[in-house]
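This report goes through one protein chain, starting with the overall picture and then turning to individual residues. Please keep the sequence and the 3D view open while reading.

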Amino acid sequence: MKRIITICAAILLTVSMFAEGPQGKSYLAVMNNSSNAHAVSTPVSPAEATGSKGLLSSGRATENTPYWNGTIWVNPHSTTHNNGSEVEIASSAQGFLPPHMTTSERDGIASLATGLTIYNTTVNSLQWWNGGLWVDDCDGPFFSYAVGTVFCVSGATTVVDVTNPGTGKTWMDRNLGASQVATSSTDASSYGDLYQWGRGSDGHQCRNSATTSTLSSSDQPAHGQFILVNSAPNNWRSPENTNLWQGVNGVNNPCPSGYRLPTETELNTERSSWGVGNQNAAGAFASPLKLTMAGRRVNNNGSLTNVGASGTYWSSTVSGTESRILVFASSSSFSSLFNRAYGYSVRCLKD
C-alpha cells in the first residue's frame, strides 16, 4: 500500500510540474535563484506543456525555475541569463508579443502599474504607462495624448515635426485629426477636426459628432457632443473658464505631450513669414506648415460651413468672452476674435 501511495504521489508531482504554455515549441526556463546563480530547467516538450499552472521543478533547490503561470515566465531555448534581469526571454527566430488592444480597451484597464506595456491597435504602436500618461515611440520622439482622448475617423494624429526656418518655431506638420500632410489647401484628408475653444479631445471635435443644447458646468463635459449655443456669451461652458488651453499643462490641452496651442502672437509671426503679396490661402499652404481651408462648425446649429473656402485656427489667447483666431481665404488673411462655441482647426506647436 505504501508503495502504491508513493507511486501515485510521484505521478501527481510530475503532472503538477508541467504548466500551460504555447503549443508547438519546447521550452527551457532560465532564472537567477535565491543565491543569484543561474538555474536552468530541463527541456520541456510541447506535449508536456499542459496541465495546472505553477512552477516547473527541475529537481534542484526551490525558487530556481519558475516555468509558467499561465501567461509568462517562459524562456525558450536559452541556457544563459543576464544578472541584471529577473526574467529573460531569448530567441533568434521569434519575438515578444505583448497584449493587443484598442485605445478604448486600454483606457478601461482598472489598475495601472508604472511600466505596464501593451500594443495599441488603434494607433499601431507599442505603449507603456509612465505613471501619469500612456507613452509610445513611433520611430521618433516619445509622445502621448491625454488619457481618455477620443480619436475620430483618422485615429490618433501622427506626430511629425516641421520647422519654419523663418520663425525658428517647430510645429506638428498637420492639423489635429488630419490623416496626412496637406497636398493642397483643399485636401480633405488634411482638414482634421474642429474644436470648440478650451475643450479636450472628448469626441465633440469629430465633424459628424452629435449635438446637444445643454451647456456644461465643468471643464470636461461627460459626453462627446458638440454643444450648441444661441446666446451670449456663446460659450459651451457655464460659467466660463478662460484658463483651459494655455501651455503644455493646460487643463484640456488637446495636443500630444510636449506640444500646445500657439498664442495669437505666434500665429501672427507665422502669417508674417508668408511674405508680402502672400497673405492668403495660397501663402498659408506654401508655408512649411501647409495650412488648409478646413472650414468651421457653426455654434448655433452644428453645421459645417466654408469647407474648402477658408481656414480658421484657434490660438490660446483670450480676449474678454472670446478667443483669438487666425483666418485666411483665397484673397486675404487676418487675426480676429470669435466666440468659443464655434468649431475651428487646431495646429499644435512644440513647446
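Helices (H or I, at least four residues) and strands (E, at least two) are DSSP runs, numbered from the N terminus. By this rule, Pro233 lies in the loop between strand 11 and strand 12. Residues are numbered from 1 along each chain as its sequence is written, and side-chain values use heavy atoms, with hydrogens and water left out. The model is predicted: local features need pLDDT of at least 70, side-chain atom pairs count only at pLDDT 80 or more, and totals for chains, interfaces and linings use all residues.

**The chain as a whole**

The chain has four helices and 19 strands. It holds 351 residues, and 43% of them count as buried. Buried means under 20% relative accessible area, exposed means over 50%, and partly exposed is in between (1.4 Å probe, protein chains only). A contact means heavy atoms within 4.5 Å. Among contacts with a separation of 6 or more, 51% are between residues 24 or more positions apart.

**Disulfides**

A disulfide is a pair of cysteine sulfur atoms within 2.5 Å. The whole structure has two of them, and with bonded cysteines counted along the chain the pattern is 1-2, 3-4.

| Disulfide | Sulfur to sulfur | Torsion about S-S |
|---|---|---|
| Cys152 and Cys206 | 1.9 Å | about -90° |
| Cys255 and Cys348 | 2.1 Å | -90° |

The link of Cys152 and Cys206 is left-handed because its torsion is about -90°. Cys152 is buried at 17% relative accessibility, and Cys206 is buried at 10%.

The link of Cys255 and Cys348 is also left-handed. Cys255 lies in the loop between strand 11 and strand 12, and Cys348 in the loop between strand 18 (343-344) and strand 19 (349-350), so the bond ties together parts 93 residues apart in sequence. Both Cys255 and Cys348 are buried.

**Aromatic rings**

Rings of Phe, Tyr and Trp (its six-membered ring) pair if their centres lie within 6.5 Å; planes under 30 degrees apart count as stacked, over 60 as edge-to-face and the rest as tilted. The structure holds nine aromatic pairs. One of them is Tyr195 with Trp245, which is edge-to-face, at 6.3 Å centre to centre and 65° between the planes. Tyr195 is in strand 9 (residues 195-196) and Trp245 is in the loop between strand 11 (226-227) and strand 12 (259-260), 50 residues apart. Tyr195 counts as buried because its relative accessibility is 2%, and Trp245 because its value is 0%.

Trp245 also pairs with Trp197; this pair is tilted, at 5.5 Å centre to centre and 55° between the planes. Trp197 sits in the loop between strand 9 and strand 10 (211-212), 48 residues from Trp245. Elsewhere, one aromatic cluster is formed by Trp314, Phe338, Tyr342 and Tyr344.

A charge sits over a ring if NZ of Lys or CZ of Arg is within 6 Å of the ring centre and within 35 degrees of the ring normal. Arg340 lies over the face of Trp197, at 5.1 Å from the ring centre. Arg199 lies over the face of Trp236, at 5.5 Å from the ring centre.

**Backbone details**

The peptide bond from Ala232 to Pro233 is cis, with omega near 5°. Another cis peptide bond joins Ser238 and Pro239, with omega about 5°, and Pro239 is in the loop between strand 11 and strand 12. Asn234, found in the loop between strand 11 and strand 12, is not a glycine but has a positive phi of about 55°. Asn234 counts as buried because its relative accessible area is 18%.

Lys290, in the loop between helix 4 (281-286) and strand 13 (296-297), has a positive phi of about 50° although it is not a glycine. At 29% relative accessibility, Lys290 is partly exposed.
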